[in-house]
Amino acid sequence: MHESTSPVALVTGANRGIGREVARQLAERGYEVMLSAREDAKAAQAAAEVAAQTGGSVSALTLDIADPASIASAAERLREDPGRLDVLVNNAGVGTDWGVSGTTPDFDAMDRALQTNFYGAYRLTVALLELLRASSHPRIVNVSSGMGGVAEMGGWSPGYRVSKAAMNAMTRILSTELRDEGVLVNSACPGFVRTDMGGPMGATKSVEDGASGIVWLATLPDDGPTGGFFRDGSPVAF
Ligand SMILES: NC(=O)c1ccc[n+]([C@@H]2O[C@H](COP(=O)([O-])OP(=O)(O)OC[C@H]3O[C@@H](n4cnc5c(N)ncnc54)[C@H](OP(=O)(O)O)[C@@H]3O)[C@@H](O)[C@H]2O)c1
C-alpha cells in the first residue's frame, strides 16, 4: 500500500466517452484515479494516456460491472492497494434497445440493460461500501439519464429507461440510509453528449461539458446535497 494522501476516485467504464473525461478532470484536480474498464488492455492504455495528459496519478483497474466475480476481484484489489476509496462514479452503461417500442419490448435486451446499468452499479456500490464508509468525505455518483426520470418519462427504449429509473431508485434508497454517515449519494444526467453512445443519435454536447456536472457531484463539500438528481449542477425531476 502506498503513502499518498490524495483522495481516491474509482470511475467505471472510463476507457472512453464520459467516464474517461470524468477520470481526466478528477486527475487534473489532484485525485488519485482508479480508471476502470472491462478489458485489461483498454484500461491500461486509457490510464497511461490520462496520466500523461494530466501529470496525475492514474491507475488501471480491470472491472466488468456485469460480472459479479469481476466486481469481487476489483474490490479485493482496491482493499489491498490503495486501501482507500473516497469517490465512486458509477458511469459504465449500455443502451440495448434504442427505439424499441414499449408495446413490443425485447425482454432479453431489457435484461442486459438492467444487468449493467442497475445490478452492476448496485453490486459494485455494495462491494465498495466498507471502503467508502472509512473515508472522511465519501461520495457516490450514479450516472443516470433524463430518460430514466419517471416524472417526465416518455416512450420507446424501455429497457434503458427502466434500468436508469432503477438506478435513480438506488440513489434514493442508499442516500437515505447513508445520510447520517455522511455518504453523499446523487444521480447525474450528463445531458445529450457526443460519445459512441450519444453521437450516432445526433448529440452535440461535448464530453467536457457532460462530465463537469458529474465531477461537481464527485467533489461536493460535506454540506452538499444528497439523494438528488442533477444535470449541469441543476436539479432535474426524478
Ligand atoms: N452520451 C449520452 O448522451 C448520455 C446521455 C445520458 C446518460 N448517459 C450515460 O452516461 C454513461 C456514459 O455514457 P457514454 O456516452 O460515455 O457511453 P459510451 O461512450 O458508450 O461508453 C460507455 C462505457 O461503458 C463501458 N461499459 C459498458 N458495459 C460495461 C460493463 N459491463 N462493465 C464495465 N464497463 C462497461 C464501456 O466499455 P467498453 O468500451 O468495453 O464497451 C464504455 O467505457 C452511461 O451510463 C450512459 O448511460 C449518456
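Which residues does Leu78 touch, not counting residues up to four places away in sequence? I looked this up in a predicted model. Leu78 touches Leu10, Met34, Leu61, Gly83, Arg84, Leu128 and Leu131.

**Entry: the cores**

I then placed Leu78 in its surroundings. Leu78 belongs to the largest nonpolar core, which has 30 residues. Leu78 is among the members that touch the most others, along with Leu10, Leu63, Leu85, Leu88, Leu124 and Leu128. I checked which elements supply this core: strand E1 (8–11), helix H3 (68–80), helix H4 (107–133) and helix H5 (158–178) each give at least two residues. H4 provides the largest share, 9 residues. I also found a second, separate core of 29 residues, with Val22, Leu26, Ala46 and Val141 among its members.

**Entry: the sheet**

I traced the strand order next. The sheet is open, has 8 strands and mixed pairing, and reads E3-E2-E1-E4-E5-E6-E7-E8. Its edges are strand E3 (58–62) and strand E8 (234–235), each of which pairs on one side only. I looked at two of the pairings. E1 and E2 run parallel and are joined by 4 bridges, with Ala9 opposite Val33 of E2. Strand E4 (residues 87–90) and E5 also run parallel, again with 4 bridges, and Leu88 has Ile140 of E5 as its bridge partner. Leu88 is also one of the residues I had listed for the largest core.

**Entry: strand E5**

Is strand E5 enclosed or open to the outside? I count E5 (residues 139–143) as largely enclosed by the rest of the structure, because 5 of its 5 residues are buried. I noted the general rule that side chains in a regular strand alternate between the two faces of the sheet.

**Entry: Ser36**

I moved to Ser36, which sits in strand E2 (residues 32–37). Ser36 counts as buried because its relative accessibility is 0%, and the cut-off for buried is under 20%. Beyond its neighbours within four places in sequence, Ser36 contacts Leu10, Val11, Thr12, Gly13, Ala14, Asn15, Leu61 and Leu63. Ser36 and Thr12 are 24 residues apart along the chain, yet I find their C-alpha atoms separated by 5.1 Å. The side chain of Ser36 also reaches the backbone oxygen of Val11 at 2.9 Å.

**Entry: the ligand**

I list 28 residues around the ligand, and Asn15, Arg16, Asn91, Tyr160 and Thr195 come nearest. Asn15 has a side-chain N or O atom 2.7 Å from an oxygen atom of the ligand. From the backbone, an N or O atom of Gly13 lies 3.1 Å from a ligand oxygen, and one of Ile18 lies 2.8 Å from a ligand oxygen. I also checked the ligand's surface: taken alone it exposes 900 Å², and the protein buries 95% of that.

**Entry: Arg112**

Is Arg112 buried, partly exposed or exposed? Arg112 lies in helix H4, and I class it as partly exposed because its relative accessibility is 47%. Setting aside residues up to four places away in sequence, Arg112 touches Val94 and Thr96. I find Val94 18 residues from Arg112 in sequence and 8.3 Å away in space, C-alpha to C-alpha.

Notes:
Residues numbered from 1 in each chain as written. Predicted model: local features only at pLDDT ≥ 70, side-chain atom pairs only at ≥ 80, totals over all residues. Heavy atoms only, no water. Core = buried A, V, L, I, M, F, W, Y, C linked by side-chain atoms within 4.5 Å. Buried < 20%, exposed > 50% of the residue type's maximum accessible area, 1.4 Å probe, protein only. Contact = heavy atoms within 4.5 Å. Near = heavy atom within 4 Å. Polar contact = N/O pair within 3.5 Å; in protein donor to acceptor, adjacent residues only side chain to side chain. Areas by Shrake-Rupley, 256 points an atom, 1.4 Å probe, with all protein chains shown as cover. Pairing = 2+ DSSP bridges.
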